Amino acid sequence: MKNRKSILQQEICPVLPSHIASLLLQLPDNIINEITEIRIRVNQPLLLVLDNSDIMVPQAGKTAASEAYCCNSQDLSRIFQLLCKNSVYAFEEEVSQGYLTIPGGHRVGLAGQATVFAGVIKTIKCISSLNFRLAKAIPGCADSILPYMVDRECGRIVNTLLISPPRCGKTTILRDLIRQLSTGKPSLGIAGVQIGVVDERSEIAACQNGIPSVDLGPRVDVLDTCPKASGMLMLIRSMAPQVVATDELGRQEDVIAVREAICAGVTVVATVHSRTVNELYGRPYIGELLAQKLFDRYVVLSSRLGPGTIEEIFDSRQEKVLYTCPDEVGICG
């Protein structure tokens with residue numbers, strides 16, 4: 001597994017101007033190892049979000065936060081060109097969604113001036129803010145969840161929904177769940193299962209030329225940059241998976257595809273943005289899945305004790321809490 005400095009050097013710095021890359025690589029290792037986000041804004045300090053705080057990056061040869069490097073419009077313009085490989089048109093679809101994904105599965109959020117046509121965002125121009133959200137693989141981070149995903153009576157993996165706000169480790173945990181289910185877990189009576197992954201944003205598998213760059217185990221088929229709804233049904237028809245995994249449900253078509261997959265006898269493991277189960281009941285479309293109890297387990301995550309804190313695991317069929325978080329360190333922190 002790559003350390004954080006290697007990730008920064010090999011996957012992030014190639015899309016940064018050399019002077020910004022140099023400022024980051026000269027930081028102490030203890031700072032680099034805690035970076036979760038790199039925020040670059042026009043006329044504002046270069047800001048790093050760490051596990052439990054944030055810091056401003058000093059100019060070359062300086063140490064005080066008051067002497068932080070101030071990003072300018074040329075910096076953002078150059079980074080955007082590097083992200084788009086000097087062909088913004090080729091990445092228009094991704095830009096219209098407000099993000100780009102780079103090798104390694106790192107998502108770069110975009111903000112600026114939206115161009116809207118008939119009520120639909122066509123692109124974002126005059127980029128004024130960039131947010132590099134660093135992906136990471138943490139083997140074993142899903143260990144505490146796996147025992148609750150197995151129906152011991154029938155020996156199958158149950159439909160599971162990971163629920164959390166942003167930056168709470170849900171994609172990292174989903175990635176490790178896929179790896180462990182694909183590999184198998186004899187101690188829990190889990191034989192390796194065939195898994196189809198729909199990776200709409202290239203964050204789960206971090207594919208390069210369609211090939212996963214992170215370890216997802218030996219029994220995984222990935223549809224990269226494919227819309228979730230059509231991808232789930234395509235995998236079921238073409239690859240006959242026992243489990244389908246995907247990230248960030250939300251649209252009506254996602255819900256329809258999840259329902260069809262589950263009714264076809266395929267287990268679904270997915271994530272959704274929310275702070276609590278109760279909040280999801282009020283969400284359009286997603287609330288329908290909960291009302292119909294199509295997911296057997298809800299795993300609620302937070303960053304209260306560090307990213308990946310498991311707040312609660314709930315059995316929707318028995319309407320019973322199976323696990324509540326003790327006061328311990330989060331599993332992804």
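The largest nonpolar core of this predicted model has 38 residues, a nonpolar core being a set of buried Ala, Val, Leu, Ile, Met, Phe, Trp, Tyr and Cys residues joined through side-chain atoms within 4.5 Å. Buried means under 20% relative accessible area (1.4 Å probe, protein chains only). As the model is predicted, local features need pLDDT of at least 70 and side-chain atom pairs count only at pLDDT 80 or more, while totals for chains, interfaces and linings use all residues. Residues are numbered from 1 along each chain as its sequence is written, and side-chain values use heavy atoms, with hydrogens and water left out.

**Nonpolar cores**
- L24, I38, I40, L130 and F132 have the most contacts inside the largest core.
- Helix α4 (73–83) is one of the elements that supply at least two residues each, and its five residues are the largest share.
- Helices are DSSP runs of H or I with at least four residues, and strands are runs of E with at least two, numbered from the N terminus.
- Another core, of 32 residues, lies apart from the largest one and includes A142, V150, L188 and V197.

**R4**
- R4 sits in helix α1 and is buried without a salt bridge (a side-chain nitrogen of Lys or Arg within 4 Å of a carboxyl oxygen of Asp or Glu).
- The nearest side chain of opposite charge to R4 is D51, 6.6 Å away; Lys and Arg count as positive, Asp and Glu as negative, and His and the chain ends are not counted.
- The R4 side chain reaches the backbone oxygen of I35 at 2.5 Å.

Conventions: Buried < 20%, exposed > 50% of the residue type's maximum accessible area, 1.4 Å probe, protein only. Polar contact = N/O pair within 3.5 Å; in protein donor to acceptor, adjacent residues only side chain to side chain.
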